[in-house]
Amino acid sequence: MIEEAAKLLARSRFAIAFTGAGISAESGVPTFRGFNGLWKKYRPEELATPEAFRKDPYLVWEFYKWRMDLIRKARPNRAHHALAELERMGILKAVITQNVDDLHREAGTKNLIELHGNIFRMKCTSCDYREDLKESGRLDEFLAEKSLPRCPNCGSLLRPDVVWFGEPLPRKALDEAFKLAERADLVLVIGTSGIVYPAAYIPQIVKETGGKVIEINPDESGITPIADVFLRCSAVEAMEKLMSRVEVLVG
Ligand code: OAD
Ligand code: ZN
């Protein structure tokens, strides 16, 4: 299985990766739907929505601050690094991620498409004010604040700059992702349940336009039925094995 996947990857002309929460699990970031993904007693669908934020912005911000704090302590793992290395080797053309954790960027991936936003950014609920807490260096201060964050321009509530359930994805990122998927002759799908649309269309588009699908996941997912090669193991284990074979094949 690894051998077949390595050959497909080494022979590909335009490979892309499509990742979900599972790729960051071994960095200590809990997935959404796994047992460890639950925060208090809530499911993500109860917190990551505009309705939840309108009803109880304190609760939603508490959840996001908890996740921010957890994610800031996480480091990219060898699966993130392997994808960055494949890009440097000229094999991988882009990483399309549903993750908001910034770990692909930290690992060195250059062509990164974030379909669901980034947890370290916030935006105003009224005007076009945005802040990247990593860039502004205010992350510590922000996490310690007890009151709700307000826009310095207009005074409205700030919210996380991530996509919530029921909201459209950022137009530019989605267009770009679909274009890449149409062009790709191979997609490496890593650690996603593949049930959240429109993101989950990405591997389907690759498949429908004649490309190959390699899936890495310890469990079956919504993508498994269309996978040409299914590597049923963790992201780190699969990517380490895959990389050592690919490096030999491309010499
Ligand atoms: P999920 O939590 O739905 O799925 C995580 C997937 O990772 C599952 O299929 C697991 O089997 C797999 N997994 C767990 N550990 C793994 C490991 N060590 N290596 C590889 N795979 C592993 O997360 P996503 O598919 O990313 O959306 O969820 C999609 C979207 O739903 C998220 O982007 C988020 C969420 O609610 C929004 O916030 C809009
Ligand atoms: Zn504002």
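The following questions and answers concern the two ligand sites of a predicted model.

Local features need pLDDT of at least 70, side-chain atom pairs count only at pLDDT 80 or more, and totals for chains, interfaces and linings use all residues. Residues are numbered from 1 along each chain as its sequence is written, and side-chain values use heavy atoms, with hydrogens and water left out.

User: How many residues surround ligand 1?
Analyst: A residue counts if one of its heavy atoms lies within 4 Å of the ligand. The closest are R33, H116, T192, S193 and N217. The residues around ligand 1 number 21.

User: Which residue places a polar side-chain atom 2.7 Å from an oxygen atom of ligand 1?
Analyst: A polar contact is a pair of N or O atoms within 3.5 Å. The side-chain contact at 2.7 Å belongs to N217.

User: Which residues coordinate the zinc ion (ligand 2)?
Analyst: Donors are N, O and S atoms within 2.8 Å of the metal; water is not among the atoms, so sites may look incomplete. In sequence the donor residues follow the spacing C-x2-C-x23-C-x2-C. Through their SG atoms, at 2.2 to 2.3 Å, the zinc ion is coordinated by C124, C127, C151 and C154.

How values were computed: Chains are lettered from A and ligands numbered from 1 in the order in which they are written. A polar contact is a pair of N or O atoms within 3.5 Å; within protein, one must be able to donate a hydrogen and the other to accept it, and residues adjacent in sequence count only if both atoms are side-chain atoms. Donors are N, O and S atoms within 2.8 Å of the metal (3.2 Å for Na, K and Ca); water is not among the atoms, so sites may look incomplete.
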